[in-house]
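Hello,

Here is the structure I promised to pass on. Have a look at it first, and my notes follow below.

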Amino acid sequence: MPPLLRRVLVLFASIFAVITFNFFLFHVIPGDPIRLIARSQRLQPDEVQHLRELYGLDGSLLTQYIDYLRNLLHGDLGYSYSLHENVSAVIGRALVNTAILLTCSTLIVVVVGVLVGVFAGSRVGKKSDSTTVVGSLIMWSLPTFWVGMLLLFTFGVWIGGLPLSGIQTPNAIYPNVFWMIGDVGRYLILPTITLAIVDIAFFIIITRTSLVEVSGEDYMLTARGKGLSRRRVVWGHGVRNALLPVVTASVLYVSALVAGAIQVEVVFSWPGMGLLTYNAVLARDYPVLEASFLIISVAVIVANFASDLVYRRLDPRVANTS
């Protein structure tokens, strides 16, 4: 069997396993969403039974699982118990907001993290390298939610000037799209800084360590022997090969970023997938929870698959071992 076909089969098998685990996970945890609805609205027993039939919760667990798979094949993610609308519409809005936040933070984290990592890796043993490593380890150890709350306190009590929650000014009317982008950008500053402060250390450490490892390779020694400048040796020969582990680290960062994004979105009330998932947990909203975790899990699986292909493209030695 060709290696690529084998990986594709493993990809689909992993997605199916995630779908199955995802369904049963949220149906065996304690809590009944219908009881929560009935308690809040003081429904009669016959009305509660009608709700169970309406949301497809009156059948056995196996029957619900088969219906879940059938609906997924038709692109139906279900109907939200708490928000009273199709899950696809809810997820669509949240995904856009999360994508905005993660795109901005990822660009800052990767670009700045790699640059600082190269700076530290090219000055091993010097004070600037030690300071960078110690500072990175300190930032890496900071809890994401704590950093967010610290920024909230700083800009909410001491300094002010920046919005503390939400994604845009409520009931705002914009004369043009640039005003809207500027308003959303103001709300984006604190959540982005929170993610960057914690996650940027990850790429600094990875890049520095990788650059230090390749510095002892023969081609690096040959480049130095030719009398090339340190900048040309580092950027022309070292960085290109040192970035290979960064590709893998970027994919691992996707899964790590999910947890951080959930915390940041809850702290700053950013209406993305994190806040949606948090509210769905409180409401026992199974369809929203299943859709959220399914999308997150599939994104991580596909990202790992893509990184494997990219890594083999960048380093033929890996492809030859398969």
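The largest cavity is lined by Pro-163, Leu-164, Ser-165, Gly-166, Tyr-187, Pro-191, Phe-268 and Trp-270. A cavity here is a set of points on a 1 Å grid over the protein atoms alone where a 1.4 Å probe fits but cannot get out, and lining residues have an atom within 4 Å of a point. It holds about 30 Å³ of space, and its lining has 6 nonpolar, 2 polar and no charged residues; Pro counts as nonpolar and Gly as polar.

Please keep in mind that this is a predicted model: local features need pLDDT of at least 70, side-chain atom pairs count only at pLDDT 80 or more, and totals for chains, interfaces and linings use all residues. Residues are numbered from 1 along each chain as its sequence is written, and side-chain values use heavy atoms, with hydrogens and water left out.

Two of the lining residues, Phe-268 and Trp-270, also turn up with Leu-101 and Val-264 among the residues with the most contacts inside the largest nonpolar core, which has 14 residues. Such a core is a set of buried Ala, Val, Leu, Ile, Met, Phe, Trp, Tyr and Cys residues joined through side-chain atoms within 4.5 Å, where buried means under 20% relative accessible area with a 1.4 Å probe, protein chains only. The largest share of this core, 6 residues, comes from α8; helices are DSSP runs of H or I, at least four residues, numbered from the N terminus.

Best wishes

Note on methods:
Buried < 20%, exposed > 50% of the residue type's maximum accessible area, 1.4 Å probe, protein only. Helix = DSSP H or I, 4+ residues; strand = E, 2+ residues; numbered from the N terminus. 1 Å grid on protein atoms, 1.4 Å probe; cavity = no way out; pocket = protein on both sides within 12 Å on 5 of 7 lines; lining within 4 Å. Points joined across faces, edges and corners; volume = space filled by probe spheres on them.
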